[in-house]
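Dear colleague,

I am passing on the structure we spoke about.

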Amino acid sequence: MNDLSTEVQERIKVVALRFLGHPYSKKFNCKRFVQAVYREVGIPYPPRRKNVTVEQLRNPPIGYVLFLTHKDPRIRRGRRSTHVAIVFSEEQCIHNSGFFGNQVVMTPFVELFEIYDLAIPEEQQ
């Protein structure tokens, strides 16, 4: 179920695109990027019930957050989630990444899931 209106989804996309190319840093990482976008749109972070579930991967709701975990256990180091991204379209997301150009980028899901797996929130396990 997608409880974001089309208007809110479009606003998320417009705001997120303003950050395209913004450099990745410890002070402006993937989480801070998502926080900045959601804050400007007026959605609290962490976005309760706005995370993509396994069932939604075939048709992910635009504007929802992908909570991801790196496939390499040395990078993951026991953390449930190591990266976050915003669903931008049915085929791609927008995120701030040290692995994809060290900046805010658009990445196809196919490329994203070569490095990351979907992190399943505790309430869905």
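How many disulfides does the structure hold? The count is 0, where a disulfide is a pair of cysteine sulfur atoms within 2.5 Å. Two cysteines can be noted here. C30 has a relative accessibility of 11% and so counts as buried, and C93 is buried with a relative accessible area of 0%. Buried means under 20% relative accessible area, exposed over 50% and partly exposed in between, with a 1.4 Å probe and protein chains only.

On provenance: this is a predicted model, in which local features need pLDDT of at least 70 and side-chain atom pairs count only at pLDDT 80 or more, while totals for chains, interfaces and linings use all residues. Residues are numbered from 1 along each chain as its sequence is written, and side-chain values use heavy atoms, with hydrogens and water left out.

Overall layout. The protein has 4 helices and 5 strands, in the order α-α-β-α-β-β-β-α-β from the N terminus. Helices (H or I, at least four residues) and strands (E, at least two) are DSSP runs, numbered from the N terminus. Of the 125 residues, 46% count as buried. Among contacts with a separation of 6 or more, 54% come from residues 24 or more positions apart; contact means heavy atoms within 4.5 Å.

Helix packing. Helix 1 (residues 6-18) packs on helix 2 (residues 30-41) at an angle of about 130 degrees, and their axes are 9 Å apart. That angle makes helix 1 oblique to helix 2: under 35 degrees counts as roughly parallel, over 145 as roughly antiparallel, 65 to 115 as roughly perpendicular and the rest as oblique. Axes are lines fitted to C-alpha atoms, for helices over the stretch in contact, and angles run from 0 to 180 degrees between N-to-C directions. Helix 1 contributes V8, R11, I12, V15, A16 and R18 to the contact, and helix 2 contributes F33, V37, Y38, E40 and V41. These residues divide into 8 nonpolar, no polar and 3 charged (Ala, Val, Leu, Ile, Met, Phe, Trp, Tyr, Cys and Pro are nonpolar, Asp, Glu, Lys and Arg charged, and the others, Gly among them, polar).

Single residues. N102 lies in the loop between strand 3 (92-97) and strand 4 (103-108). N102 is not a glycine, yet has a positive phi of about 55 degrees. Most residues other than glycine have a negative phi. With 45% relative accessibility, N102 counts as partly exposed. V110 belongs to helix 4 (residues 109-115) and, at 64% relative accessibility, counts as exposed.

Regards
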